[in-house]
Amino acid sequence: MSRRVVVVEDDASLGRAMERVLRVGGLDPRVFGSAELLLASSEVSSACCMVLDVQLPGLDGFALHDRLRETGFTGPIIFATAFDDREARTAAEQRSPAAFMSKPFTGQSLLAAVREALSHSPADPPFRLA
Amino acid sequence: MYQHPNRVMARALAPLLVAASQGPRLNPGWQRIALFVFAAYYLGARLGLTLTFAPLPISVLWPPNAVLFAAMLVLPAGRWWLVVVAALPAHLISELQGGIPLTMVLCWYLSNVSEALIGAFVVRAAMAEANPFASVRGVLVFLGACACAAVMSSFLDCAFVVLNGWGQSPYWTMWFSRVIANITADLVFVPAIAAWILARGTPFPRRDEAALVFGGLALAMLIVFNSSLAANWPAAQVCIPVPFLLWAAFRFGPRGAGPAFAMVALAIIWSAGHGVGALASRGPVENAHSVQLYLLCIGPTLLFLAASADQMRRGVESLGVSEKRFQLVLEATREVVYERDMASGALWWSRDGLAHFGYTRTGALRDFTSLADLVHPEDLPRASAAREAALADGRTLWEAEYRVRRANGTYAHVHEKGFIVRDSQGRATSMIGALTDTTEHHDTEELAQRLAQASRLTAMGELAASIAHEINQPISAILNNVDAAQALLETGRATDDDMREILDAIREDDLRASEIVGHIRGLANKRTTQVETLDLNALARAVIRLALPAARRRGVMIQSNCAVLPPVRGDRIHLQQVLLNLLFNGMDAMRDVPVEDRVLSVAAQANGEATVEVTVRDRGHGIPDGQMPRIFDSFFTTKPDGMGLGLSIAHTLVTANGGRIWARNNDDRGATFHFTVPAAG
């Protein structure tokens with residue numbers, strides 16, 4: 001069974017490209033354009049891995065991470081951002097992501113990061129009711 | 001007792017001269033007028049009698065009518081009734097002495113008065129100026145008036161004579177001799193009296209020369225017409241006074257010609273009447289006719305000459321005054337003006353003009369001979385082109401901008417406005433150019449452009465992060481798509497449709513990236529203003545999209561609310577920069593505000609038909625009252641790391657575009673910045 005990967009990215013073209021790469025790589029991607037859309041859906045419970053863009057309208061990637069952890073998501077979370085500056089790095093490191101991808105990144109590196117993250121986690125969706 | 005005509009006239013004129021010297025307008029009291037007219041008329045009548053050619057009652061001229069004519073010429077028409085009334089007693093006295101019936105006397109009074117009235121009326125009707133002797137046209141009018149008046153009043157006069165059964169001569173003979181006599185009288189007396197009074201106020205020049213002329217004339221008159229010396233000279237000796245008369249007319253104008261001619265006339269008449277002198281060789285009637293012929297030939301000639309000389313003198317004077325005024329204006333002005341004579345090529349500069357560029361008048365000739373020497377070689381073709389075009393097209397105005405070399409070798413920017421003076425055939429006779437030094441303005445503009453560029457670069461620095469982010473999106477998308485395509489090809493699962501989809505996506509992202517590069521280039525370039533018709537909504541959207549990443553980083557939400565807008569006129573990049581500056585300004589203002597309250601509202605709406613108003617409203621802490629007047633000043637900033645240029649540059653750009661920019665604190669919190677853009681069309 002393919003692993004469900006949830007991507008939150010507001011840039012439509014990049015979201016589609018990421019979905020393509022992940023699908024061709026054998027995963028089951030879902031793309032959401034904003035944190036709110038994701039939280040409103042029911043995908044959180046079925047996701048094995050999250051790839052979050054930091055610059056989002058509304059709730060940003062870090063806040064979303066915190067929210068996800070609060071609601072009991074224990075799976076790996078990967079941050080993707082173009083702002084490779086000290087502030088963003090610090091904020092990211094504080095949350096111990098599975099990976100920190102700085103844009104632009106290639107499809108291969110994305111796939112590798114996701115696979116790596118998934119390999120360290122249990123096969124079933126790691127969602128646990130808190 | 002014979003009294004010299006000049007003394008007679010002097011006595012008559014005295015009260016009037018006194019009155020004339022007292023006021024700017026000849027308006028002596030009615031008593032004075034009445035007195036003068038009465039005296040002059042009476043004396044004129046006596047004179048006329050004195051000057052008859054004995055033994056027959058032939059009068060060569062009859063002064064009283066001329067006196068009335070002259071009086072009406074110098075007085076306003078409202079006073080003519082006074083002249084008429086004052087003459088009556090004088091007339092009665094002088095005529096009744098001769099034992100002439102009352103009815104005849106009264107008829108003569110009527111015809112005399114009518115002559116003066118007609119003459120004065122014709123002159124006034126045909127001339128706008130008061131003094132007919134000062135212009136050639138005026139003299140023509142005067143002569144015409146004399147003829148008219150004499151002719152018409154003679155009809156009346158002779159009719160009266162016949163009706164009263166007074167005279168014995170046939171009608172037409174009487175009529176003719178009266179016409180000639182009256183015209184002669186007018187010629188002799190009216191200019192002599194009126195020219196002086198009408199020309200009061202102007203000083204009589206060259207009195208020594210005047211004394212010489214009149215002295216010489218008197219002497220000539222004495223010899224030719226009043227002594228036995230001339231008895232055996234040829235008849236042409238009558239020409240001897242002529243050079244003096246011409247001299248008087250040419251050098252002294254109507255005021256010289258009038259009295260000189262009167263003098264000669266009276267002398268001639270007297271002597272011819274007494275059988276003395278050159279014109280007294282035959283019988284009284286023939287003598288009278290000779291004298292009249294002589295006077296009628298010389299009189300108008302003198303008047304014309306005097307008028308021409310006067311006109312010419314006035315022309316020269318006014319030219320001199322005009323020239324002097326021009327010089328004064330140029331010396332007083334601080335403008336740089338030059339005049340170039342087309343024929344000689346001579347170049348003349350205002351004094352300040354030369355000094356402005358560091359040249360002195362003495363050194364100028366050494367430094368440059370023509371304007372072309374001063375113009376920057378690169379600008380020379382352009383500078384000359386405008387001028388040559390105007391010259392060739394027959395226009396009178398041209399404008400050009402170029403650089404001019406100063407004495408110290410540096411160049412000044414000037415804006416030249418030129419004027420071509422053309423003669424009646426349309427040929428250019430001279431050119432006058434006024435140069436305005438725009439160096440400062442140029443430098444200021446250059447500085448403003450550099451500042452604007454610096455601000456854009458600063459903005460660019462601020463935007464660097466968001467620019468990087470903007471570009472990274474499409475680049476990341478391309479990289480991901482490429483890897484997906486490669487993976488598909490490797491596993492052999494690639495379908496044509498997949499490939500096409502991926503390639504299309506890659507292409508789109510490439511285009512997106514190049515758009516952003518173009519935008520960055522626009523920010524970095526130093527450019528001149530390019531005004532075009534714009535859609536403010538689209539412009540605002542583009543700017544907001546550019547600022548969004550930065551806004552997100554600061555946790556600011558940008559709301560936009562744009563109504564339907566008419567197209568506007570402005571420089572696209574400048575207006576984008578203004579809005580960008582205001583957005584960043586608003587974001588900075590909300591730095592210390594809780595995240596959920598950080599809202600920046602952008603709105604645009606039409607303000608009447610001529611402008612569109614854009615507002616950027618923040619929810620910061622507002623602008624303290626003390627700082628409000630200074631927020632648009634250069635280098636005024638409250639930010640620790642701010643340059644203080646954003647708002648001042650925005651102000652410069654908005655006002656240069658023809659709009660206004662201002663700020664107001666909101667009622668609830670924060671401030672709103674407004675700026676207007678002129679609508680197109």
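This is a predicted model: local features need pLDDT of at least 70, side-chain atom pairs count only at pLDDT 80 or more; totals for chains, interfaces and linings use all residues.
**Exercise 1.** Determine which residues of helix α3 of chain A are buried, and work out how they are arranged about the axis of α3(A).

*Solution.* Begin with the burial of the helix, which spans residues 61-70 of chain A: A:Gly61, A:Leu64, A:His65 and A:Leu68 are buried. Viewed down the axis of α3(A), these buried residues fall within an arc of 105°, and therefore they line one face of the helix. Finally, look past the helix to A:Gly72, which follows α3(A) and has a positive phi, near 100°.

**Exercise 2.** Describe how helix α18 (residues 572-589) and helix α19 (residues 646-656) of chain B are placed relative to each other, and classify the residues of their contact.

*Solution.* Two packed helices are described by the angle between their axes together with the distance between those axes. Here the axes of α18(B) and α19(B) come within 9 Å and cross at roughly 150°. Angles over 145 degrees count as roughly antiparallel, and α18(B) and α19(B) are therefore roughly antiparallel to each other. The crossing of the two is left-handed. On the side of α18(B), the residues making the contact include B:Val578, B:Leu582 and B:Phe584, while those of α19(B) include B:Leu647, B:Ile649 and B:Leu653. Sorted by class, the contact of α18(B) with α19(B) has 8 nonpolar, 5 polar and no charged residues.

Technical notes:
Residues are numbered from 1 along each chain as its sequence is written. Chains are lettered from A and ligands numbered from 1 in the order in which they are written. A residue is buried if 20 or more other C-beta atoms lie within 10 Å of its own, exposed if 12 or fewer, and partly exposed in between; C-beta atoms are placed from the backbone. Helices (H or I, at least four residues) and strands (E, at least two) are DSSP runs, numbered from the N terminus. The arc is that of the directions from the helix axis to the C-beta atoms. Axes are lines fitted to C-alpha atoms, for helices over the stretch in contact, and angles run from 0 to 180 degrees between N-to-C directions. Angles under 35 degrees count as roughly parallel, over 145 as roughly antiparallel, 65 to 115 as roughly perpendicular and the rest as oblique. A crossing is left-handed if the near helix is turned anticlockwise from the far one by less than a right angle, and right-handed if clockwise. Two residues are in contact if their C-beta atoms, placed from the backbone, lie within 7 Å. Ala, Val, Leu, Ile, Met, Phe, Trp, Tyr, Cys and Pro count as nonpolar, Asp, Glu, Lys and Arg as charged, and the others, Gly among them, as polar.
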